[in-house]
Amino acid sequence: MTNRDVQLRRAAENEILKQKETVESDPYRQKYHHMPPVGLMNDPNGLIQWKGTYHFFYQWMPFETAHGAKFWGHYTSNDLIHWKHENIALTPSEVFDQGGVYSGSAVIHNDQLHLFYTGNIDGEQKPETEYQCLAISEDGVTFEKKGIVIETPAGYTAHFRDPKVWKEDQIWYMVVGAQSEDLQGNVLLFSSNDLRNWVMVGPIAGSKQGGLGEFGCMWECPDLFELDGKDLLIVCPQGLEADGMNYANTYQSGYFAGELNKEEGKFSHGHFQELDRGFEFYAPQTMIDEKGRRLLVGWMGVPDQYEQAHPTVENHWIHCMTIPRELKWDGKKIIQAPVPELKEMRGPVLMHSSVTIKNDQKAVRGVQGRAIELNLEFDELEDQFAIELFQYASLSYKDDVLTLSRPHLEDKSKTEFRRVLLDRDLKNLRLFIDHSSLEVFVNEGEEVFTSRIYPQPNEEHILFTSLGATTFSVEKWGLSGYQYR
């Protein structure tokens with residue numbers, strides 16, 4: 001380690017100790033979502049399973065709740081329930097990453113863990129330079145930086161980041177988010193035989209490319225993979241205007257389905273589909289685990305979207321991650337489902353069958369709590385149905401439109417909404433509720449809403465409302481939460 005690296009690690013550890021009591025006393029701390037020990041958490045990085053252990057790295061600014069020169073924090077687990085918070089993986093300690101160790105990915109090669117990340121050098125108002133860099137570990141815990149492997153190619157601005165690496169047919173590939181000099185978002189493809197020397201294949205997709213019109217000024221966090229016979233490109237376009245129910249957040253997160261031609265550097269694809277319809281979801285990353293599952297974790301936040309209005313800022317921390325989700329392709333869209341391991345957190349089930357509400361609002365006995373899982377199956381739904389959560393958020397359904405509403409985080413006199421038009425009647429809702437978050441899986445994961453919520457800390461009531469008659473069954477479990485050591 002360099003002296004600068006040692007100093008940064010010591011400073012971060014001191015900040016954790018300094019703010020520990022304040023952070024941990026916050027009633028909005030979660031039970032089963034990863035959070036920073038102090039400061040700001042954003043993008044999930046380097047998701048991988050190696051020798052049975054899941055490695056989960058994350059962007060971390062320990063010294064404040066705003067963005068700055070990021071570190072890589074690090075969690076590990078053998079079962080996705082019991083977690084260890086490891087020592088800091090990477091610090092912004094070198095000339096090529098002193099503005100921040102930005103997002104990236106992990107691969108295994110020669111029985112070593114290789115981290116690829118973006119080294120940032122800050123300018124006054126924007127990145128001055130962004131490099132793709134490499135760090136290697138023999139044990140999965142301590143990492144040696146190997147320096148720059150790719151510099152920004154000609155024709156692109158300094159917005160050049162978020163490498164995702166994979167191997168196919170004995171060749172390594174990398175996709176990187178980029179911005180062209182005419183300020184259009186792009187995804188660039190590179191190839192390598194040895195993970196050190198990379199050749200640019202070309203821009204495989206982007207705004208004003210491949211039949212796509214103008215579609216954002218920067219494409220962040222690309223992730224390209226095959227799922228059930230379809231090539232899928234997850235990406236986060238910045239600069240899209242709201243379009244009806246679509247693109248309601250400051251920046252979006254979604255995917256294109258198509259076919260990648262690696263030799264020609266082209267990705268033929270269809271239309272853009274959003275991955276999540278909630279208020280806070282961005283920068284998702286996927287991995288293949290040793291069971292062959294494609295797993296996804298997203299950041300429960302959005303850049304530049306009233307971040308400092310989150311009440312946890314007062315207690316020196318902000319943001320968290322989603323629960324891990326398994327992805328499937330149904331021929332038309334990505335289906336997301338909570339990983340089965342989460343069932344290990346469940347307490348005894350409380351079940352009510354054939355609950356009927358007609359032109360009324362009711363509580364259902366025992367269906368309440370702040371760290372719970374709910375599963376609703378609908379037998380009849382005549383007109384409109386809604387779930388009111390803690391006198392704060394509401395999830396309502398009418399005329400095939402599902403709407404999530406909550407008080408605006410900045411102007412609490414206003415209500416804000418996120419909506420989606422469902423492809424079919426509402427049949428199922430599965431809700432994961434934590435102390436300050438909500439994840440809703442609709443019709444077995446055909447749509448998902450992910451959001452932070454900040455009701456009064458002791459409020460646990462849940463009410464069900466129906467205009468016309470609604471008949472449903474509901475299962476409720478209390479969730480014990482992640483176990484940390």
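Reply: His 319 counts as buried because its relative accessibility is 0%, where buried means under 20% relative accessible area, exposed over 50%, and partly exposed in between, with a 1.4 Å probe and protein chains only. This is a predicted model, in which local features need pLDDT of at least 70 and side-chain atom pairs count only at pLDDT 80 or more, while totals for chains, interfaces and linings use all residues. Residues are numbered from 1 along each chain as its sequence is written, and side-chain values use heavy atoms, with hydrogens and water left out.

His 319 sits in the loop between strand 20 (317–318) and strand 21 (325–329), where strands are DSSP runs of E with at least two residues, numbered from the N terminus. Although His 319 is not a glycine, it has a positive phi of about 80 degrees.

Asn 359 also is not a glycine and yet has a positive phi, of about 50 degrees. Its place is in strand 23 (residues 350–362), and Asn 359 is exposed because its relative accessible area is 52%.

Glu 460 belongs to the loop between strand 31 (447–452) and strand 32 (462–478), and it counts as partly exposed because its relative accessibility is 34%. Along the sequence Glu 460 and Val 367 are 93 residues apart, while in space they are 9.1 Å apart, C-alpha to C-alpha. When neighbours within four places in sequence are left aside, Glu 460 is in contact with Gln 368, Gly 369, Arg 370 and Phe 390, contact meaning heavy atoms within 4.5 Å.

Technical notes: Helix = DSSP H or I, 4+ residues; strand = E, 2+ residues; numbered from the N terminus.
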